[in-house]
Amino acid sequence: MKQKQTVREILKQDREILDLEVCGWVRTRRDSKGFSFVEINDGSCLQNLQLVIDHTRLDKNQLKKITLGSSIKAVGDLVLSIGSKQKWELQCKKVYLLGEADPEKYPLQKKRHSDEFLRKIAHLRVRTNKYSAINRIRSKAAFFIHKFFQERDFHYIHTPIITSSDCEGAGELFQLIKRGEKETKFFSKNAYLTVSGQLAAEALCMGLGRVYTFGPTFRAEDSNTPRHAAEFWMVEPEMAFFDLNDNIDLAEEFIKFVTKNVLETCREDIELFRRFVDKELIGRLEKVVKDPFVRIEYSEAIEILKSAHKKENFEFEPIWGDDIHTEHEKYLCEKQFKGPVVVYNYPRTLKPFYMRVNDDNNTVAAMDILLPKVGEVVGGSQREERLNVLIENMQKKNMDIEEYEWYIDLRRYGSVVHSGFGLGFDRFVMFLCAVSNIRDAIPFPRTPGTLSY
RNA sequence: UCCCCGGUAGCUCAAGCGGCAGAGCGGGUGACUGUUAAUCACCAUGUUGGCGGUUCAAGUCCGCCCCGGGGAGCCA
């Protein structure tokens, strides 16, 4: 009886098997007199399966059409390969051409392409080693994110994609309007795509205890950088009874857990990036897993940056009360500490209304986690649980308190200390793969001026 | 949104001072008894991103626009 298996399953066999059936896309073909070597890939793993096709097994016309990019089904015996580059190969008894790919028009070649070119054919680029590897790692990372939280009594919640408020003033909003209408009448008020599920997550954690969201978020910022997309995925845990320290502990453990498991389960794919993209990738990931994250207060960070200012000649002078700029983040992460850095207790004026005011009345219990190469991947805080302080904050920021009555209710009824953070999933994938542009970490990226597919 | 760099064959790139638009790879055809970035021989590749201008002559100089990349701001 024939068994249909993926290439990954086939390659991990420890014995020869008769009559296997396998399907895939042709990656390369080499001809000899009387037979051909054809390597196929089915996306199950990085490696290809070498097929040996005797020319008498297939009519000439079909044989001709087995070209790079075409899809085929093969039936044959799995045998140990004589060649040294692979353990197994399939001696084909039957080969069926499923879909041809005109070699004069098929845009992918066997050779390496530039990322810029591949972005223009995003619908085909998953057929390359690099992009299939990124997407496999993306998938595993998402899986381990769920595993991490599920194993710790977190509940996976779904917060709304359509929202009525801008949450935290975290950037420009996409407004939602019914086609044919000039303004939002559907909801009888303005509607937007969410920039964060946090406020809803806070409500749900006040009953479910520990929750997390993992879904798309949207920012209409006209920012064209390799680290920004208009649509991106965020992981947002929110925990009742967690203070800032518990929050940082969880975030660190979380990043370590996912990184460690991706390293272990995607070794081959990670190895590809180490070889062709960044020689230091694996060392960097292992360091993240092993070493404790450096934790410094914002004020300390400013002091460190101030004393480095002369030597480094920063474009922006580090001043208490100002944001930590990109060049500063890079300095802290890549020069000073050479690893992940957690910066906490930021000036109150820099942060949104919901962050808990510290006893000094000057700072809030906020924290950011900076990773080497990608910068900020986590932003979080302990939330303000005191009713009067929260309202005071909102008044200071001139917010429409009526709109947030439901959120304020959480402080009226059984309010507790609670915390949470957001992790930019796509940036995290960039970190795991040493990919330098977010457009390559997302299968079909949305950025200002570009909406293909 | 601001600053810088770029756009030439399917891909990656080359073409002093403005003077016949080229190479490698890929593709096609053929050869080769086990290849693996296969090898060897031969063949074809073009609105030089678009529009306008200067000039006897523009890939090259000028203006505007479009697209891509890098950096900054904002952030995740």
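Which residues are the closest to RNA strand B? Select Lys110, Lys111, Asp222, Thr225 and Arg427: those are the closest of the 54 residues that surround RNA strand B, where near means a heavy atom within 4 Å. Before you go on, remember that this is a predicted model, with local features needing pLDDT of at least 70, side-chain atom pairs counted only at pLDDT 80 or more, and totals for chains, interfaces and linings using all residues. Residues are numbered from 1 along each chain as its sequence is written, chains are lettered from A and ligands numbered from 1 in the order in which they are written, and side-chain values use heavy atoms, leaving out hydrogens and water.

Now colour the surface near RNA strand B by residue type: you get 13 nonpolar, 20 polar and 21 charged (Asp, Glu, Lys and Arg count as charged; Ala, Val, Leu, Ile, Met, Phe, Trp, Tyr, Cys and Pro as nonpolar; the others, Gly among them, as polar).

Next, pick strand E2 (17–32), a DSSP run of E with at least two residues, numbered from the N terminus. E2 gives the most to this surface, with 4 residues.

Zoom in on some polar contacts (N or O atoms within 3.5 Å):

- Ser32: a polar side-chain atom is 2.9 Å from a phosphate oxygen of RNA strand B.
- Asp31: a polar backbone atom is 3.2 Å from a base nitrogen of RNA strand B.
- Ala229: a polar backbone atom is 2.9 Å from a base nitrogen of RNA strand B.

Last stop: colour chain A by domain, with domain 1 at 3–99 and domain 2 at 122–293 + 339–441, bounds that come from an automatic or database domain assignment. Their centres, taken over C-alpha atoms, are 43 Å apart.

Notes: Polar contact = N/O pair within 3.5 Å; in protein donor to acceptor, adjacent residues only side chain to side chain.
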